[in-house]
Amino acid sequence: MTFRVGLTGGIGSGKSTVATLFEELGIPVIDTDAISRQLTQSGGAAIPAIQTVFGQSYIDSSGALDREKMRQLVFSNPASKQRLEQILHPLILEQVHTLADSSIAPYILIVVPLLFETGDYKDWLHRTVTVDCSKHTQLERTLKRPGMSEQTVHSILSHQLSRAQRLQLADDCINNDGNLTDLRPQIERLNRLYLELAAISN
């Protein structure tokens with residue numbers, strides 16, 4: 001059985017960068033955001049349910065989810081956010097399990113932005129790690145993304161756990177306030193740890 005490590009962190013913390021560095025060490029990465037995008041693209045498995053629950057106006061001309069329109073809705077309406085999660089989360093979880101079960105690697109990294117918020121992975125993961133950085137760094141990085149305003153970023157942050165809560169819940173922490181030179185030794189150290197833990201568990 002492959003040892004399973006869940007990677008999380010707030011918006012702009014650098015989860016994708018960290019995941020890429022693990023991949024460079026030969027570790028398979030399952031990205032739940034990428035799965036979510038597949039499910040909500042034209043012809044995606046989640047589109048019929050989204051269309052039924054939210055209406056045709058939330059599907060763009062190509063048949064994919066209108067992400068910007070949906071983002072505005074879910075951050076202003078908690079009930080809509082919950083309805084979208086009820087559609088997406090079971091489908092994402094099913095695909096994550098399928099991919100994990102087919103892996104023959106010593107361990108795999110599963111990137112879940114809302115890892116502790118959803119609770120879906122709580123009893124399934126063997127280890128959790130959070131990517132941590134200051135709120136200032138989060139804002140600075142996120143505002144560089146297209147279509148992001150300071151108001152939108154603050155709204156997203158308000159729906160995520162605080163840094164302190166994530167640090168308390170995670171087994172391990174990666175500090176990402178610096179650059180790649182600061183990151184690599186932390187990734188290499190954790191990779192050695194997870195390989196050791198995987199060997200013990202198997």
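This is a predicted model: local features need pLDDT of at least 70, side-chain atom pairs count only at pLDDT 80 or more; totals for chains, interfaces and linings use all residues.
Residues are numbered from 1 along each chain as its sequence is written, and side-chain values use heavy atoms, with hydrogens and water left out.

**Helix pair.** I looked up helix H3 (residues 47–54) and helix H5 (residues 78–101), which pack at an angle of about 155° with their axes 10 Å apart; helices are DSSP runs of H or I, at least four residues, and strands are runs of E, at least two, numbered from the N terminus. Axes are lines fitted to C-alpha atoms over the stretch in contact, and angles run from 0 to 180 degrees between N-to-C directions. H3 and H5 are therefore roughly antiparallel to each other, a term for angles over 145 degrees.

I then noted that Ala 49, Ile 50, Val 53 and Phe 54 in H3 meet Ser 80, Arg 83, Leu 84 and Ile 87 in H5, contact being heavy atoms within 4.5 Å.

**Cores.** I turned to the largest nonpolar core, of 27 residues, where Ile 50, Phe 54, Met 70, Val 96, Ile 110 and Tyr 121 touch the most other members. Such a core is a set of buried Ala, Val, Leu, Ile, Met, Phe, Trp, Tyr and Cys residues joined through side-chain atoms within 4.5 Å, buried meaning under 20% relative accessible area with a 1.4 Å probe, protein chains only. H5 gives the most to this core, with seven residues. Apart from this core lies another, of 19 residues, among them Ala 19, Phe 22, Tyr 107 and Ile 174.

Methods: Angles under 35 degrees count as roughly parallel, over 145 as roughly antiparallel, 65 to 115 as roughly perpendicular and the rest as oblique. Buried means under 20% relative accessible area, exposed over 50%, partly exposed in between (1.4 Å probe, protein chains only).
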